Amino acid sequence: METVMVMEESLENGGQAQERSGRRSGLNLPGSMSAERLKVDTSSRFSRMGNAGGLSTPSPPRSTYSDRFIPSRSSSNFTGIGWLEKSPSGTSPAPGTDAREDGSAAYTMLLRSELLGSDAGHFSPSAPEKSNGLLARDQTGSPLSPAKNLFRFKSDPRSSAVALWSESPYSASPINYDAAVPGMASSPRAAARKISRSPYKVLDAPALQDDFYLNLVDWSSHNILAVGLGTCVYLWNASTSKVTKLCDLGPGDGVCSVGWSQRGTYLAIGTNVGDVQIWDVTRCKRVRLMGGHRTRVGTLAWNSQMLSSGSRDRKILQRDIRVQEDFVSKLVGHKSEVCGLKWSYDDRELASGGNDNQLLVWNQFSTQPLSKFSEHTAAVKAIAWSPHQHGLLASGGGTADRCIRFWNTSTNSHLNCVDTGSQVCSLVWSKNVNELVSTHGYSQNQVIVWRYPAMAKLATLTGHSYRVLYLAMSPDGQTIVTGAGDETLRFWNVFPSPKSQVQ
């Protein structure tokens, strides 16, 4: 009886344990079945198969899954673009990467070229380079040295990044304009500007004086060229080629300088007797006659309603054509003839050059020079203000000097000096590009186009048989006219149009 009671108690306890085990496993099992009986011992089965066959095959690893996504990079082809030169696992790429390499070959080729340079090798779009999983290879198939490092410093054979951007703005590469990528069509480079070495027009100018200290040619904003020939002033309309005789000063006088007002409606004429005449060219009528100088007036410069005149008497007179007085102020500073005058583009500073080898800078209210530059060793007639940089002034010296010098009038400093090899007669700065033109006398009689600030010669124009004393620029900034003692006026296309500079 006791044995039967113990067995019943044992079965009852076993049933309760099975019920608890079923609840823990989440399965609805009969009372006589436990969850443990559902498990399959696979390891023992594989072990018995291995023992039976005499092989020792390990159990395959089980895949573990979780509720988080962890990306797998085992199939990423880092060696294809040179970031990793050896696979971390030392094994071959996973199957299926060939299709990805073929699909991204063009991108990989461009990225590799831009990041590693031309010495890192390139992929061919038609046959992408395959990696063996250990070392990336170059174009010849040789393994790349593990010492090569993406972030190492190396010397750049090109001059600078700025030069690259300016060399070819049409390159196909978004990073490096001159990187040549095999298999890709290269974009055309911008063609260098060509400057014709021959004038497109030559006009006879009889009686054009061969005098270094005179200024006998000027071009108005209305496209009319004024030329002083002997005792007369002629107007040539560049649009219609019509020639008009404006005035004749008579046998007792002569034309020493001409200068257009900024609006192109009035022409000032400096005479040999020391007078300054103002003419209204639309009516061909003289409206003012102003004195003040004792001898010839060789240079003129306009500043809005103000007119400055320089003379052999070593003085500069400031004239306001709106008042009755012949002049409103007198500037004294030169010790010899004043042969060059130029107002800055903002009408605030006046530069004057003289036969005393001096270059002086005045403001619109001063009667004493603000700056005095004495580096030239010959007469300073050629003067030009830069329209691109405030306070930048260029000046040229005569036969004993032969130099073009650059000055910063804001800091009163000398910037640069270029020996041209011959007398500097005239200077003009392009309004469209940062270039300037100089004309020369003894001994080469040439016209030179310079690129600033490098002062590289873009063109040397020849044709005049005498020194090229006179220079003026057209209102559109593309054409210059030069005059010489050979009694000719030559027209040259040297500067680009303003529209061509807008990218």
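Student: How many bridges join strand β8 to strand β9?
Tutor: Strands of a sheet pair through backbone hydrogen bonds, either parallel or antiparallel. Here β8 (residues 276–280) and β9 (residues 285–290) run antiparallel and are joined by five bridges. Val 276, for instance, has Met 290 in β9 as its bridge partner. Two strands count as paired if DSSP finds at least two bridges between them. Strands are DSSP runs of E with at least two residues, helices are runs of H or I with at least four, and both are numbered from the N terminus.

Student: Which residue takes a positive phi in that hairpin?
Tutor: Look at Cys 284, with a phi near 50 degrees; the hairpin of β8 and β9 has four residues between the strands.

Student: What should I keep in mind about the model itself?
Tutor: The model is predicted: local features need pLDDT of at least 70 and side-chain atom pairs count only at pLDDT 80 or more, while totals for chains, interfaces and linings use all residues. Residues are numbered from 1 along each chain as its sequence is written, and side-chain values use heavy atoms, with hydrogens and water left out.

Student: How many helices and strands are there in the protein?
Tutor: The protein has five helices and 28 strands. Of its 503 residues, 44% are buried, where buried means under 20% relative accessible area, exposed over 50%, and partly exposed in between (1.4 Å probe, protein chains only).

Student: In what order do β2, β3, β4 and β5 stand in their sheet?
Tutor: They form an open sheet in the order β2-β3-β4-β5, with antiparallel pairing. β2 (217–219) and β5 (243–248) stand at the edges with a single partner strand each, so one side of each has no neighbour in the sheet. Direction ignored, neighbouring strands are turned by 20 degrees against each other on average; the axes are lines fitted to C-alpha atoms, for helices over the stretch in contact, and angles run from 0 to 180 degrees between N-to-C directions. Inside this sheet, six bridges join β3 (residues 224–229) to β4 (residues 232–237), and Val 227 has Tyr 234 in β4 as its bridge partner.

Student: Which strands make up the open sheet that includes β18?
Tutor: That sheet has four strands in the order β18-β19-β20-β21, and the pairing is antiparallel. Its edge strands, β18 and β21 (413–419), each pair on one side only. From one strand to the next, the twist averages 20 degrees. β18 pairs with β19 (residues 392–397) over five bridges, and Trp 385 stands opposite Leu 393 in β19.

Student: Which residues have the most contacts inside the largest nonpolar core?
Tutor: In soluble globular proteins, nonpolar side chains tend to be buried together. A nonpolar core is a set of buried Ala, Val, Leu, Ile, Met, Phe, Trp, Tyr and Cys residues joined through side-chain atoms within 4.5 Å. The largest one here has 34 residues, and Leu 225, Leu 267 and Leu 489 have the most contacts inside it. Strands that each supply at least two residues include β6 (255–260), β7 (266–271) and β28 (488–493). β3 gives the most, with five residues. Leu 489 touches, among others, Val 217, Leu 225 and Val 227; contact means heavy atoms within 4.5 Å.

Student: Is Arg 467 buried or exposed?
Tutor: Arg 467 counts as buried because its relative accessibility is 13%. This residue is found in the loop between β25 (456–461) and β26. Its side chain makes a polar contact of 3.0 Å with the side chain of Asp 210. A polar contact is a pair of N or O atoms within 3.5 Å; within protein, one must be able to donate a hydrogen and the other to accept it, and residues adjacent in sequence count only if both atoms are side-chain atoms.

Student: Which side chain does Gln 318 join in a polar contact?
Tutor: The partner is Ser 308, at 2.3 Å. Gln 318 lies in strand β12 (residues 315–320) and counts as buried, at 3% relative accessibility. Its contacts include Phe 327, Trp 343 and Leu 350.

Student: Where is Glu 375 found?
Tutor: Glu 375 is in the loop between β17 (371–373) and β18 (380–385). At 35% relative accessibility, Glu 375 counts as partly exposed. Glu 375 touches Asp 401, Arg 405 and Trp 407, leaving aside residues up to four places away in sequence. From Glu 375 to Asp 401 it is 26 residues in sequence and 9.4 Å in space, C-alpha to C-alpha.
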